[in-house]
Amino acid sequence: MTLIADEFAGEAWRVILLQDYNTRLVTLSAMALGASCGLVGAFMMLRKRALLGDAAAHAALPGLCLAFFVGVAGGLVEKSTPLLLLGAFVSAALGALFVVVISGRTRLKEDTLLGVVLSVFFGVGVALLGVAQQLPGAQASGLESFIYGKVASMVLQDAVWIGGACGLVCLACTLLYKEFTLLCFDPAFARGQGLNVRWLDASLMALVVLVTCVGLQAVGLILIVALLVIPPAAARFWTDRLAPLLFISAALGAISAAMGAMISALLPKAPSGAVIVLCAAGFFCLSMLLGPARGLLARWRERRAFVRSVRQEHLLRAVFEWHEAAGGDAPHAAPLDALRSARRWSRGGLAAAIRQAVGSGFAVHLSGGRIGLTPEGLTKARELVRRHRLWEAYLIHHADIDPTHVDRPADELEHVLGPEMTARLSAALFGGEGTQPVPPSPHALPGPHVDGGPNRGGL
Amino acid sequence: MLNWHTDGWIIVTGVLCAVACALPGAFLVLRKQSMMGDAISHSVLPGIAGAFFLSGSRAGPAVFLGAAGAGVLTAYLTEWIRGKGRVDEGAAMGVVFTSLFALGLVMMVSAADKVDLDPSCVLYGALELTPLDTVSILGWRVPRAAAILACVAVGNAALTVLMFKELRIASFDPALSSLMRINPRVVHYAIMTSVAVTTVAAFESVGNVLVVAMLIVPAATASLLVSRLSAMLWVSVGLAALSAVLGHAGAVFLPRLAGFASTGTAGSMAAAAGLLFVAGLLLSPSQGLLPRAARRLWLRLSLRCDDLLAELARLDEQGVRHVPLSRLAHEHSGALGRFAMARLRVSGFVRRSADGVSLSTTGVQRAALILRAHRLWESYLVQELASRPDHVHGQAHVLEHITDKEMRDRLASAVAAAQHDPHGKQIPTEPDATR
């Protein structure tokens, strides 16, 4: 048992260190393919044409078959990769071009055109394939492998093609970086800058079609689509900037391709293209969860921080307003019972708010179960109450809302009113520079009327 | 040539498949979710493989349940990734269906020792083999695929008829449907389930990519031809059935012309649907490229006729009664100009003489209207809109073609019945007034 495990571990090391010629060839070319797909895929995603690669990949089939017919008619018995690739490139480009040219000319939407091109071209291809397979040498030419992909049976010639296409894609993306950026983010501005948007679109599409055709036989038809779509979508969770997005997308493509190729070298039964895609899908899940720019975790934390700050601000305002209504001396403080009935707290919300406020030095526990404000807490509370009441006053005077109805809307807005907005509100209401003290509340405050609390204006 | 038993069943199965697909497909096209058909047709794979693992059978209700589950899961995951991750819908769909397809491939390959789950059958389908696998229904030997597809077609038709109001409102106006207590999400997932079930029923006969052809292409063609939903549904069903029949004929006969045996029917069904689509795209009266190009050309021709008449009238004002064609170099240029001149002569507005062309009586009247519109606009632009006199010719030149009598009268009253335009040329009077 251990012998088998050891043998497997040894095998794994040989694969990871790329000691076999075949593994080295396959892994490196898969990486090149993954990187170039990630690169052009990112531009395509930003251009909102992520699925154009899908249509192009399917549209390659009829050209492939026709090229095969031409090869047979021309007396070529051996598989002629350049001829097949040329056929695939031409028909895939025709398919993509059809989508782009026809969209906007009829009421058909781009997604419908993609579906039409994809399925009709593929149907024509399948019909031609049915005829092509009756020819001698059809099996040997590996037409089938263009659909499923045979990473493991890659030869040096395929690797050279992939390497060449990858180099071309990298070169084009470097030279046309500025133009492609404009094309993706603001095509109208690009046109205004004197760029030929049509040619740029066409060259971006040509790059997509190129990597698609070259990659078809490495990872197969659907799975080349995955490499064009998944790494850019995953990279989007990590950054909001273009250059890092391109790097991350290319890197994720390369890493998933390498991992997939290695895994399928170790487990010969697993279909290599599918394993590569599953690796990419794994990276997508990780990115969606952990990505700092848009990931679920990052957004959950952001949200939680906001909820906590809102809760703490509610507490500070409740203490301030109770004290203000009660008319007591310093220090500003309020009994716990009064705070509890001041607003509808979520379960444990008041305790959590107090814990937070005490922890951040805005509030302190006083004797008799009262919560008091520290000097910092008082400053912050005064600012909050001011914002709240300015907004209330604004709603009453400028939106004609009844004073009894303004508390709730102001309650929601007080947390997001910035200093500039506060100053403008203050200027609009009082004409002053924003140095006004806290204005009085336009409606009755809850605090002092609670049983046992002191009465406003009493004694 | 054709064997009526075999080919008859192939055509019947193809037609049933096409009809079953066309109904949910029409709603995919309308709701801008065409690529969802592609996505679901790929991502039912793990559902089928999973159902096979659990039930051990390649057909039967478990496979349909698995496929429907996978289809709904695709729609749900796409929606979730788009919403939570703020990913573009196309990209979200691409992520989901390629991943699920890859998962399904791995599952199928690892099951391949035990069963004949053949991935290539999934891609291409084998419509030709359907008559070989029969079941007995009421003593009839009916191909299994045909029986299943008939059930699905009837089910889809029933769904469309029973939920027609809901489907229509939720597809065209989701906000209104929420107000009317029709949950658009329920409708969305009902369509997705129907697409998934249809896909898996059609899988064995036409393969997964060609299901997309049957879902999307007839509906796309129909939406080019008609504008009402019910008409679109009927037309898509008809076109789908037609492409099935044409497809089989093409598969059997076309390769023979080049000396080959027949090819797959499924692929040529998609090709036939594509041909019908291209025909619709080119020829549809309202949307087609050719009728629209012809309308545009006709418009340009009438504009050019107007220009020729106006130019002849201007020269006439300068005392040039018979105009040599060389003086009309600008208006008479190109095929369009020559054709416009021929049209004017045929309709009797212009006469040809030895030393050039001249306006006939009707031509003079018609040209006067154009000049009147032109000069009224120039006056109006200068007097009322304070345009500069040397800037108004171009605008008036555009507007003169679309100015009818009512507009001319209103312009005339707006410029207080001015006699001359800003360049000092006389404004012709309205012919009805002179009569």
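How many residues lie between β1(B) and β2(B) in their hairpin? There are 2 residues between these strands, and L138(B), in the turn, has a positive phi of about 50 degrees. Strand β1 of chain B covers residues 134–137 and strand β2 of chain B covers residues 140–143; the two run antiparallel and are joined by 4 bridges. T134(B), for instance, has P143(B) as its bridge partner in β2(B). Strands pair here if DSSP finds at least two bridges between them, and helices (H or I, at least four residues) and strands (E, at least two) are DSSP runs, numbered from the N terminus.

A word on conventions: this is a predicted model, where local features need pLDDT of at least 70, side-chain atom pairs count only at pLDDT 80 or more, and totals for chains, interfaces and linings use all residues. Residues are numbered from 1 along each chain as its sequence is written, while chains are lettered from A and ligands numbered from 1 in the order in which they are written.

Now step back to the two chains. Contact (C-beta atoms, placed from the backbone, within 7 Å) links 48 residues of chain A with 54 residues of chain B. On the chain A side, α3 (52–73), α5 (110–132), α11 (221–235) and α13 (272–290) each supply at least two residues, and α5(A) gives the most, with 15 residues.

Finally, look within chain B, which is divided into domain 1 (4–287), domain 2 (292–359) and domain 3 (364–434), with bounds from an automatic or database domain assignment. The C-alpha centres of domains 2 and 3 of chain B lie 21 Å apart, and their contact takes 8 residues from each.

How values were computed
Two residues are in contact if their C-beta atoms, placed from the backbone, lie within 7 Å.
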